[in-house]
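Okay, everyone, let me put this one up on the screen. Have a look at it for a moment before I start talking.

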Amino acid sequence: MCNQAVCLAAAELERNGISTVALVLLRSVAERVRPPRALALPFRHGYPLDAPNQPERQHAVIEAALRLLETPAERGPLLVDYEPAPPPPPARPA
Amino acid sequence: MRLRYHSKSGLRPVACSSTLSPGGRAVGDLSEFSLPIRMFLRGYRWRVVDPVPWAPLRVPLARARLALFSSAGFVMPGQPAFDEGIRGGDPSFREIPSDADPAALVDTHRSESFDHAGMQSDPNLAFPLQRARELALRGRIGSLNHRHWSFMGSITAPGRFVAETLPRMAADALADGVQAALLVPV
């Protein structure tokens, strides 16, 4: 239900002229509710910005959302999948 | 990090990404929920935004004022908790000052359908106040609004939320001069 709530909030803000980007954890909900701009995340509920106490991973998600906000488009809606950067390869043994 | 644009003209069902989170979850996967919740979600009549409003960003983000909106149910110390006892969901909201200590935010979202450990350990995970401040310091955004908005996600009957809460939050944000908003579910 969180996904519906943020999608509906995004729509109301956008009706008032405020540009929005909504993160969603269930893309199927975004497809039905239709927020103006949404970034679909592959994370579990409770973990919308990827991982706790990892600012760079959180910034990566936010940056993807901000890029969507900056995407020039004449009209919406826009829905984009977020793909986390792959984890770094294991260090080679010395 | 890569962005994939599925549609510029509308939302269309697309194949699920093969990308898995560290938690092993595919995009759109309901498997993390219990069977009763999965059944409820499959039968639920979702609200549909129609027509879809569209407000392009009128200024460069580096000059825009940003506000956060989160459905994680956080409150400030001293603010009343969200009431899980309200039938259909608590439609109220709380204002979170921009200078609040994120670590002080209190999780009052009592839903047992997701793991609270991450956001209790680091509220920025669902209410990225410190991350937003860093964006302002870096100049990625113009400024951070002096207040942000917290509400509940477990709203199954969103009539009052749509008719009363959202217009009030939007009017307040507009009055503040907010130009861009990041919305975070939990």
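I'll go through chain A and then the largest pocket.

Quick housekeeping: this is a predicted model, where local features need pLDDT of at least 70, side-chain atom pairs count only at pLDDT 80 or more, and totals for chains, interfaces and linings use all residues. Residues are numbered from 1 along each chain as its sequence is written, chains are lettered from A and ligands numbered from 1 in the order in which they are written, and side-chain values use heavy atoms, with hydrogens and water left out.

So, chain A. You get three helices and three strands, taking DSSP runs of H or I with at least four residues as helices and E runs of at least two as strands, numbered from the N terminus. The order along the sequence is α-β-α-β-α-β. The C-alpha trace spans about 60 × 30 × 20 Å along its principal axes.

How much of chain A is buried? Of its 94 residues, 67% are, with buried meaning under 20% relative accessible area (1.4 Å probe, protein chains only).

Now the largest pocket, at about 430 Å³. Of its 24 lining residues, the closest to the centre are Met1(A), Ser111(B), Ser113(B), Ser154(B) and Thr156(B). For the record, a pocket is an open set of points on a 1 Å grid over the protein atoms alone, where a 1.4 Å probe fits, with protein on both sides within 12 Å along at least five of seven lines; lining residues have an atom within 4 Å of a point. The volume is the space filled by probe spheres set on the points, which are joined across faces, edges and corners.

Which helix gives the most to that lining? That's α1(B), with three residues.

Terms used
Buried < 20%, exposed > 50% of the residue type's maximum accessible area, 1.4 Å probe, protein only.
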